[in-house]
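Before you build on these coordinates, please read the following points alongside the sequence and the model.

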Amino acid sequence: MTEENKDAVDAITAQWYAVRPDLDTAPMAVFGRIYRITKAMGDEMERTYNRYGISRGEFDVVATLRRSGMPYTLSPRQLSATLMLTTGGMTGRLDKLEKAGLLTRSPDPHDRRGLHVTITDRGLTLIDEAVTAGLEVQRAALTGLDPQEVEVITGLLRKLLAGTP
């Protein structure tokens, strides 16, 4: 590897090698880069979604309703499970999104204690625009890779994800 190809993670692992040459820092090299990519892209996605008046977490709620298909309705419990959120965290997001006119909550006709959360027409328009903008940001981040490299990375990350606790 040439000096120009080295990055901050290489510098960190080199420092560890200098003080602890007995350590195998290969895991640090992988996960350090995953963390840095996740942080940088998360910040960029937050900026992108903020242009639509929503946070990344709020995007996730509306996008989950959108991708659920017609009639774009799920229970708060289904949303919480899909997004790995507590019911308290979900309630806060739903309150804000309902106030913004992006979704509605209505009683479940089959369960007096249940609710249905449904995307509104305004929410549908907004999420379609926001997901398109988000994909453009992600696509731009991949411009240094050819389609085969994207496929290889996707497969390797899928394999890595399957093996994580």
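1. In this predicted model, Val61 is in contact with Leu79, Leu83, Met90, Arg93, Leu94, Leu97 and Leu103, once its neighbours within four places in sequence are left aside. Val61 and Leu79 are also the residues that touch the most other members of the largest nonpolar core, which counts 23 residues.

2. As for where that core draws its residues, at least two come from each of helix H2 (26-50), helix H3 (56-67), helix H4 (76-83), helix H5 (87-99), strand S3 (111-119) and helix H6 (121-141). The greatest contribution to this core is that of H3, which gives five residues. As a general background, nonpolar side chains tend to be buried together in soluble globular proteins.

3. The sheet is open and has three strands in the order S1-S3-S2, with antiparallel pairing. Strand S1 (73-74) and strand S2 (103-108) are the edge strands, each of them pairing on one side only. Helix H3 packs on this sheet, where it touches S1, S2 and S3, and the direction of H3 makes about 95 degrees with that of S3.

4. Between S2 and S3 the antiparallel pairing extends over six bridges, and Leu115 in S3 is the bridge partner of Pro107.

5. On confidence, the protein chain has a mean pLDDT of 93, with 98% of its residues at 70 or more. Among the elements of the chain, the lowest mean pLDDT, 87, belongs to S3, whereas the highest, 97, belongs to H6. Where pLDDT is low, the predicted coordinates should not be read in detail.

Notes: Residues numbered from 1 in each chain as written. Predicted model: local features only at pLDDT ≥ 70, side-chain atom pairs only at ≥ 80, totals over all residues. Heavy atoms only, no water. Core = buried A, V, L, I, M, F, W, Y, C linked by side-chain atoms within 4.5 Å. Buried < 20%, exposed > 50% of the residue type's maximum accessible area, 1.4 Å probe, protein only. Helix = DSSP H or I, 4+ residues; strand = E, 2+ residues; numbered from the N terminus. Contact = heavy atoms within 4.5 Å. Pairing = 2+ DSSP bridges. Axes fitted to C-alpha atoms, helices over the stretch in contact; angles between N-to-C directions. pLDDT = per-residue confidence, 0-100.
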